[in-house]
Structures are given as structure tokens and as C-alpha cells.
Amino acid sequence: MRRWFWLALLALVTLLGPARAQDRSAQERLNVVASFSILADLVRNVGGDKVNVAALVGPEGDAHVYRPTPADARKVAEAKLLFINGFALEGWLPRLVQSAGGKATIITATDGITPIKLGSAPDSHAWQSVANAKIYVANIRDALAAANPANAAAFRANAEGYLAELEALDSDVRQAVATIPEGRRKVISTHRAFGYFAAAYGIEFIAPVGVSTESEPSARDIAGIITQIKKAKIPAIFLENVSDPRLIQRIAEETGARIGGTLYSDSLTAEKGEAPTYIAMVRHNIKALTSALGH
Ligand code: ZN
């Protein structure tokens, strides 16, 4: 009985072996790397099942101050494409690419977007405008199609469907903002990550901390912010997943501004969190904003 089983298994393996090898070459997945979780989600939506996407800075990580690991170097070395945001987000990337070696083509997802300037530097957070995310997606689609022409039609079809979802998302955000009284469209947020969102949708973000997540505000900075909130009658302040929430709580206590919950700026959450995808992140943020500012 046992011998019969092994003979049958051997026959099965012999029969299926070549078919499987053929299958593999026809459907070989393209290995690509994206620098952070939001970008990885956009790439996954375009690549679908034809692409293996690895993120360097994963969910809830901070892409501004990241320290690459040896595992990251291996991912980059094995990748055919490396998607980055650009606009000075990934200061740690050139050293990683140099140490990893490999032949990955670097694709800058913000190509074609006019940056908002913070002093002389570009604001990195271009993805916070959905219209910009659509440009990311078009760049991703073209790069995947060029790297893997056999699956170009699939990438175009995926991108078309996803771009339609983003179009609907953009119009939902506009409709939601329109329900907030004009005088209340302003918030305080710990991290200056919403410049593109503000420009696109007309909600003013006043940040107590500079764009770098490395710098801590001084007592004088905080006093200035408190005065500003009182003067401008700012209705709500928001916590984020990348900065110190104690600062925000102190300001709230002294001004009476409402704490509006978490806005996700620079990274997605894990699968079971509130913002596991780009679309979920934008929907979560606009819901948090409208419920804090609406009344
Ligand atoms: Zn940021």
C-alpha cells in the first residue's frame, strides 16, 4: 500500500513537473521595491498579481528618518524596479542603493508634479492630494509596462480601474469639505504633512512642528501656537501616527480646541488598522476632519 502511494506520487510529480515550469516562465512575477507603505499600495494596485511588491519603510514607519536594514539591501539587489517618492523624502536612499548594488531602475513617482516649496526644499507629501496620486499611478503604470511588456495590457487595465476609484475618491473629498462651514476649515496638526491636501481641498493646516520629524518644538513655539489657536479660533487639533501626542494634548488643555483623532499622513496602518490602503487612509482622514469641524 505504502509503495503504491509513493509510486503514484512519483508519477504525478513527473507528469506535472514540466507543466509547472512552463507556467512559471509565462507568469513570472516582476520583483519591485517601493520606498514606503503608501507608494507600495499604489504599486500593488497597478501591478496586481503580476508583481511582487516589497516596501522598505513598512506600515507605521517614518520614511523621513528611516535606517535601512541588510534585508532592505537584499530586496533592492533583487528588484527590477525601485519606486521612490522623490521630493527629498528618502534622504537615506542613495546610500542604500550604493551598498545594495543590483540593477534596479529607479522610478520617481512624483515625476510631472509641481512641488509645493517649504523654504527652498520641496514638500515631500505630494500623495496627500488625490489628483497627485493619480499622477503617481500613471508613472507606475508606464514603468511597469516598460519593464514587463508581456503584461503591459494587464497593468493598463488595472491602472484604469484604480484611477477611476481615485477619481471618485477625489470627488468625495471635495463634497465632504463642502459640508464644513467655511470659517471652520482650519486645524492644527503635529506634522506639516498636509500642504498638498490643503492646497487641493481648502482646509488650512497649522503645524506646531516643522516638516522634519526629528525636531522638537520649544516652549516658546508652543506658547506661540496656543496664542495662534485662540486668535484664529481654530476648532480642532489632530494627532498623527508619527509625532508626539503629548504636545497636542497640552495645547488642547490650554485652548479648549477639540482633539479630532488621528490623521494618517506618511504611512499606512497594518492590515487590521484604520488605514491599511491609500484609499482607506484618505477616507479615514476626511471622515475625521468633517466630524471634528462640522459642528
Ligand atoms: Zn512627513
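Trainee: What covers the buried residues of H4?

Mentor: The cover includes strand E2 (51-57), helix H3 (70-78) and strand E3 (81-84). Helices (H or I, at least four residues) and strands (E, at least two) are DSSP runs, numbered from the N terminus, and contact means heavy atoms within 4.5 Å. This is a predicted model, where local features need pLDDT of at least 70 and side-chain atom pairs count only at 80 or more, while totals for chains, interfaces and linings use all residues. Residues are numbered from 1 along each chain as its sequence is written, and side-chain values use heavy atoms, leaving out hydrogens and water.

Trainee: Which residues of helix H4 are buried?

Mentor: Leu-93, Leu-96 and Ala-100. Buried means under 20% relative accessible area, exposed over 50%, and partly exposed in between (1.4 Å probe, protein chains only).

Trainee: What makes the pair of Tyr-66 and Trp-92 edge-to-face?

Mentor: Rings of Phe, Tyr and Trp (its six-membered ring) pair if their centres lie within 6.5 Å; planes under 30 degrees apart are stacked, over 60 edge-to-face, the rest tilted. Here the centres are 5.1 Å apart and the planes at 65°, so the pair is edge-to-face. Both Tyr-66 and Trp-92 are buried.
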